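Please examine the sequence and the structure together. The paragraphs that follow lead through charged pairs, nonpolar cores and domains.

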Amino acid sequence: MKRFSFAAGPCPIPPEVKKQVAEDVREWKGCGVSALELPFTGDEFAEILESAESDLRSLIEIPRSHKILFLQGGATAQFALVPMNLARVGWHCDYVESGYWSRRAIEEAASWWDVRVIASGAAGRVPNFDEWRRNSDAAYCHFTSNESADGLQFHEFPQGGKAPLVVDMTGDFLTRPIPVEQLGLVYASALKSLGASGLTIVIVRADLLVRGSSGGIPAPFDLARQTAARSKVNTPPMLAILVAARMLRWLVEGGGISTAFLRSQERSANLYSIIDGSGFYRCDAAPDARSRVNVCFRLPDPELEESFAHEAEALGLLHLRGHKRVGGLRASFYNSTADEAVDGLLEFMTNFMRRNG
Ligand SMILES: *Cc1c(COP(=O)(O)O)cnc(C)c1O
């Protein structure tokens, strides 16, 4: 039986990428050693990093003003590293609260500097841009484009504002176009979009890096130093970077972001329409704030939700339980989620409803 994961993370790895990475680990391009045995200072690893960077640059059209960094520590490390690098004592930082992950970011930042929560969402919705009380003296304004635990997403990016925008795009990175030129810093933990944990991609406007808390930042996490050293201040997470490089190539060859975005819209719309039309499944998120990546839904009672997840598993449809803080059910569709997986889930949902509705 084929098995498919709908986990919020890590994303599935397409079979052809798995095969390629397995080959790379066995032997890197006929050079007699494994990709795991390459020194990080050598030409071979430089080539891997270069391929990842140039594919990423072309996929989301990153202007020259912005640098790309490949860092350790996941998005959670960035919750502290963003305030450490972009602000200093006495500065204020604006944060938008829209769900579980933005609250985690706010908590971390508040242990560094003065954090002003400039807008908060309510159940099932994210705060509209016109509700954001942005401060022009803020070091930056942070928001979370996709709340993976709550199944919420900002479908647009805010315009204007004096303070640079900082976005946690871990949840929907590379599933939609990104107006990088309007943003100060974008970060994304690679496991959700590019498949291996431990790596975080940071895209940052170079001129913001001179403002950091100057001193006291550990070298591997000092964004200015990492920029100067091209992400090689010390040994970077090489295996995760290799996986990301292979995934980025796969994305480019598969039609890039416009194709990915269309699929993301189409698949999530199909699932939401089954939910909305069912009178059985329920989605509490407002239509204009629904995540196209993490579709969160409920059944009339928790026992039914449990049998849903259980029966789905027996059919090879895995990891459909919601985030532990939120409960319910959740299906996550990444670029690498197979069409067969999505079709299987929709069919199962229709059958389950017929039997239990
Ligand atoms: C998953 C997720 C994180 C956490 O990523 P880690 O790599 O585990 O630190 C942060 N923010 C968002 C929006 C996420 O979806």
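Which residue meets the side chain of Arg282 in a salt bridge? In this predicted model, the partner is Asp284, at 2.9 Å from N to O. Arg282 has a relative accessible area of 40% and is therefore classed as partly exposed. A further salt bridge links the side chains of Glu131 and Arg125, with an N to O distance of 2.6 Å. Glu131 counts as partly exposed because its relative accessibility is 30%, and Arg125 is likewise partly exposed, at 27%. Arg321 and Glu313 also meet through their side chains, at 3.3 Å from N to O. Here Arg321 is partly exposed at 37% relative accessibility, and Glu313 is partly exposed at 32%. In total, the structure holds 20 salt bridges.

The nonpolar residues come next. In soluble globular proteins, nonpolar side chains tend to be buried together. The largest nonpolar core of this model has 87 residues, of which Ile60, Phe173 and Phe308 touch the most other members. Helix H7, residues 238-253, contributes the largest share of this core, with 10 residues. Both domain 1 (15-253) and domain 2 (255-356) supply at least three residues to this core. Around Phe308, and leaving aside neighbours within four places in sequence, the contacts are Tyr281, Phe297, Leu299, Leu320, Leu329, Phe348, Met349 and Phe352. Another core, of 27 residues, lies apart from the largest one; among its members are Tyr100, Trp101, Ala109 and Trp113.

The relation between the two domains can now be considered. The domain assignment gives domain 1 as 15-253 and domain 2 as 255-356, and their centres, taken over C-alpha atoms, are separated by 27 Å. At their interface, 26 residues of domain 1 are in contact with 26 residues of domain 2. The area buried between domain 1 and domain 2 is about 2,200 Å², and carbon and sulfur atoms give 56% of that area. On the domain 1 side, Ala149, His155 and Thr175 supply 25% of the area buried against domain 2, more than any other three residues.

Which kinds of polar interaction cross this interface? The count of salt bridges between domain 1 and domain 2 is zero, whereas 14 residue pairs are in polar contact across the interface. Strand E7 (152-153) and H7 each supply at least two residues of the side of domain 1 that touches domain 2. H7 gives the most to that side, with five residues.

How values were computed:
Residues numbered from 1 in each chain as written. Predicted model: local features only at pLDDT ≥ 70, side-chain atom pairs only at ≥ 80, totals over all residues. Heavy atoms only, no water. Salt bridge = Lys/Arg side-chain N within 4 Å of Asp/Glu carboxyl O. Buried < 20%, exposed > 50% of the residue type's maximum accessible area, 1.4 Å probe, protein only. Core = buried A, V, L, I, M, F, W, Y, C linked by side-chain atoms within 4.5 Å. Helix = DSSP H or I, 4+ residues; strand = E, 2+ residues; numbered from the N terminus. Domains from an automatic or database assignment. Contact = heavy atoms within 4.5 Å. Buried area = accessible area lost by both parts, 1.4 Å probe. Polar contact = N/O pair within 3.5 Å; in protein donor to acceptor, adjacent residues only side chain to side chain.
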